Amino acid sequence: MNHMKDSAGNASTRTRDKNGRFMKQTPRPTSPESTNGSAGDGPEQADAPTDGVPTAGSVKTAPAKDAPAKEALAKDAQPKPAQSQSKASAPRQALPKPAAPAADSRAEDILAPHSLDPSLAAHIAEHIAESPGGTSVLDPLLGEPLPVDRFADRELSWLAFNQRVLELAEDPRIPLLERVRFLAIFASNLDEFFMVRVAGLQRRIATGIAVTSASGLSPRQALSAISEGAHTLMTRHARVFEDEVQPALAAEGITLVHWEELDTKEQERLHKFFRKQIFPVLTPLAVDPAHPFPYISGLSLNLAVVVANPATGKEHFARVKVPPLLPRFIAVDASGKPRRPGTKKADPQRGPLSFVPLEEVIAQHLDYLFPGMEVRDSHTFRVTRNEDVDVEEDDAENLLQAMEKELLRRRFGPPVRLEIQKDISPRIRDLIVRELGVKEEEVYELPALLDLTGLNLIADLDLTSLHYPPFVPSTHRHLAEVESSKPTDVFAAIRRRDILLHHPYDSFSTSVQTFLEQAAADPNVLAIKQTLYRTSGDSPIVDALIDAAEAGKQVLALVEIKARFDEEANISWARKLEEAGVHVVYGIVGLKTHCKLSLVVRQEPDGSLLRYCHVGTGNYHPKTARLYTDHGLLTCDPDVGQDLTRLFNQLSGYAPKSTFHRLLVAPRAVRSGLVERIEREAAAARAGHEAWVKMKINSVVDETVIDALYRASQAGVKIDLVVRGICAVRVGVPGLSENIRVRSILGRFLEHSRIFAFANSVGPAIAEGPESGPEVFIGSADLMHRNLDRRVETLIRISDPTHVGELLGLLDESMADTTASWHLLPDGTWERPSSGSEGNGLRDLQAVLIQRQRRRLEPVR
């Protein structure tokens, strides 16, 4: 049996016929007892209106059930007049949520950090209010409270993710220079974690907003656990470099040497190099009554120097900043000639490559900086600061100017971590700790070189045998059906069929980039609308938009200048676009625009207008498109064209009553739409039908979605999650999550696609299955509060059965026991099996997909 609601809001009992279709039966009235949702999800609150569609083929969604701010959103949205609708799309009333049980007294605290200011929420509602959608199908008889400790801590889960990155660096089966790169990635990841997440916890403590997290940890408890885990991982990271990777590099003729290991001639050449290339850039800063302790910029590498006046013997402290614009290592080839490192071919005739850390070269020449003084000691240290940006958008008349001012303030954030050499003298250590005002648990003493993000210089060496085998993305088979020296007519290809792209296996440059370049050059194209979250300043995407504007086309670029750590770059090329005549807007106040959308309006030979669309899971960034795995859909489906037109109008103007056919749009409808589908699977399982949920995401943290997954697992739904990063789900908990499996895949490419698949559907027929399922979406949203509450995100339903099968096949391969991956265990740890259940070797899925793509290069007949 499956409990649904009819158009009047009455619960009706529905069974399935012999073909698995739902058949509506006699309605039964609801009662207060039968309208309870899942208990323990938080306080009772009004549901916000969501994506509703007045057609039988529409994507229907349940009301949002997330942050308390939705009350303000719901109050702001005016009731819609009744309209004549088909049975399939009739509006359904929401099941009210119960108050949180006493057992979960933290529920209100859990939700509080994610709520918006009511006035800001009302402002958002003016822009993106959408018509009411469906309702929950959760059986009210299963509304028992869920365990209080059902969520893993997101910060500790992130540390576990970075540990998986470190394990790649430890893996001797991976090419050596790729292991070096994973060491650099680990270090860079941890820098950002401290700058944003740790800094955020410290800020909440300092401001008195010490709200308990969903995992049950207070900010202080979380900081303590982070400190313990980070100390362990950073020490392990340094040991891997020093004890494993560095000796392996030396065996290949790539050595990182100390100054004293150089011979006399090499040292003499480095003396000259220092005087010409390094010395003019350095600035020593003394510390004395006339010179206060200098400001230490975040992530800068510094030398703490002790000098003494030879006449008086009095010691003084000074700081020398290692210039960040100089290379982290100085290359010294076999001839002894020092140079700035770059890509270099292996040349056995010239002998090994040696690299000297820049700070050691500076340390050996400190007498140049302090002439007449005696240099007695020097040690390196590095500070990480709070560098998250916080703009009060609702008070900012000009968002661009507000962001520029905030970026200036970012440099002066409080310190959150101090890295120092393990052999530093106690008095220098005490001085730095005291002057910077860091706590003892924020000090990280490391045995190896500091700032191993600089290892990318070594990883970039052009030594083919020490890298992954070369890989060149190929043109998608539907964009290369005829061999020709000219690019395929992308518009003609899209008119023939929808094209599902999978980057980097399918070339970004010959698909999405060519699509936009041809749009810019085509005289029949009238308008281009584009979202830009992260891209490069020299991007051909930006150039194409500029060319289109200069050609007189209507061009709209929705630029997200709040994309973390890309703010300055985005501001720069946003101004460049404006100067070229592109209409540049910055989205909706209070929300980041994270969706990946392109819309091209073209006049066809018959005079009609056709809208060509691209909806993707990744950024319009040609460089990262070669490193990230992402999906994208090229289509001229009229419903999608109408959806994107309405959404762009919301983002650039005022269109609060927009509805969508094939899109789920956050912050209104992604969470509620996914929860509705999860609960639909639970209802199908309880009715004895096949039911499953399969998702591939970067992170899953949102408590509402996780609770829906737990409820579905309890109902017997098989749930497979492929999660690259943070995972707050607990698996294998008796009575809660026995039916949930979680895998994580890391490797050559950064897994970035978001795919959401469900066995059942109530939409247009797609393939085999009850109610015409399965139903599959791709899009930009991860299951995190920021994505579902504070960003504009889109998921698009895939309609081509071949594409549905392709995406389901990828999900199944990702979860297969024969695929190399990490498995989440019931105790919250991750295991990396070395062989399959039958003792066979494991396949690298990314390598398999590369080989499969090469076999597809033959043109379609």
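The protein chain has an average pLDDT of 80, and 73% of the residues score at least 70. pLDDT is the predictor's confidence in each residue, on a scale from 0 to 100. This is a predicted model, in which local features need pLDDT of at least 70, side-chain atom pairs count only at pLDDT 80 or more, and totals for chains, interfaces and linings use all residues. Residues are numbered from 1 along each chain as its sequence is written, and side-chain values use heavy atoms, without hydrogens and water.

Over residues 1-115, pLDDT stays under 50. The model has 295 contacts (heavy atoms within 4.5 Å) beyond four places in sequence for residues 1-115. Residues 343-350 also stay under 50 in pLDDT, with 14 contacts beyond four places in sequence. Where pLDDT is low, the predicted coordinates should not be read in detail.

Aromatic contacts were examined next. Rings of Phe, Tyr and Trp (its six-membered ring) pair if their centres lie within 6.5 Å; planes under 30 degrees apart count as stacked, over 60 as edge-to-face and the rest as tilted. By this rule the model holds 13 aromatic pairs. One of them joins Phe491 and Tyr612 edge-to-face, at 4.8 Å centre to centre and 65° between the planes. This pair links distant parts of the chain. Phe491 belongs to helix H13 (residues 490-496) and Tyr612 to strand S20 (residues 609-616), 121 residues apart. Helices (H or I, at least four residues) and strands (E, at least two) are DSSP runs, numbered from the N terminus. Phe491 is buried, at 2% relative accessible area. Tyr612 is buried too, at 0%. Here buried means under 20% relative accessible area, exposed over 50%, and partly exposed in between (1.4 Å probe, protein chains only).

Trp158, Phe161, Phe193, Phe194 and Tyr444 make up one aromatic cluster. Phe194 also receives a charge: the charged end of Arg417 sits over its ring, 4.5 Å from the centre. Arg164 lies over the face of Trp830, 4.0 Å from the ring centre. A charge sits over a ring if NZ of Lys or CZ of Arg is within 6 Å of the ring centre and within 35 degrees of the ring normal.

The backbone shows several local departures. Most residues other than glycine have a negative phi, and most peptide bonds are trans. His503 and Pro504 are joined by a cis peptide bond, with omega about 0°. Pro504 lies in the loop between strand S14 (499-503) and helix H14 (509-521). A cis bond also runs from Ala666 to Pro667, with omega near 10°. Pro667 is placed in the loop between strand S22 (663-666) and helix H18 (670-686).

Positive phi values occur at Leu299, near 65°, and at Asp451, about 55°. Leu299 is found in the loop between strands S5 (284-287) and S6 (301-308), where Leu299 is partly exposed at 25% relative accessible area. Asp451 lies in the loop between strand S13 (443-446) and helix H12 (456-459). At 13% relative accessibility, Asp451 counts as buried.

Helix H18 packs against helix H19 (residues 703-715) at an angle of about 10°, with the axes 8 Å apart. The two helices are therefore roughly parallel. The contact involves residues including Val675, Ile678 and Ala682 of H18 and Val705, Ala708 and Leu709 of H19. Axes are lines fitted to C-alpha atoms, for helices over the stretch in contact, and angles run from 0 to 180 degrees between N-to-C directions. Angles under 35 degrees count as roughly parallel, over 145 as roughly antiparallel, 65 to 115 as roughly perpendicular and the rest as oblique.
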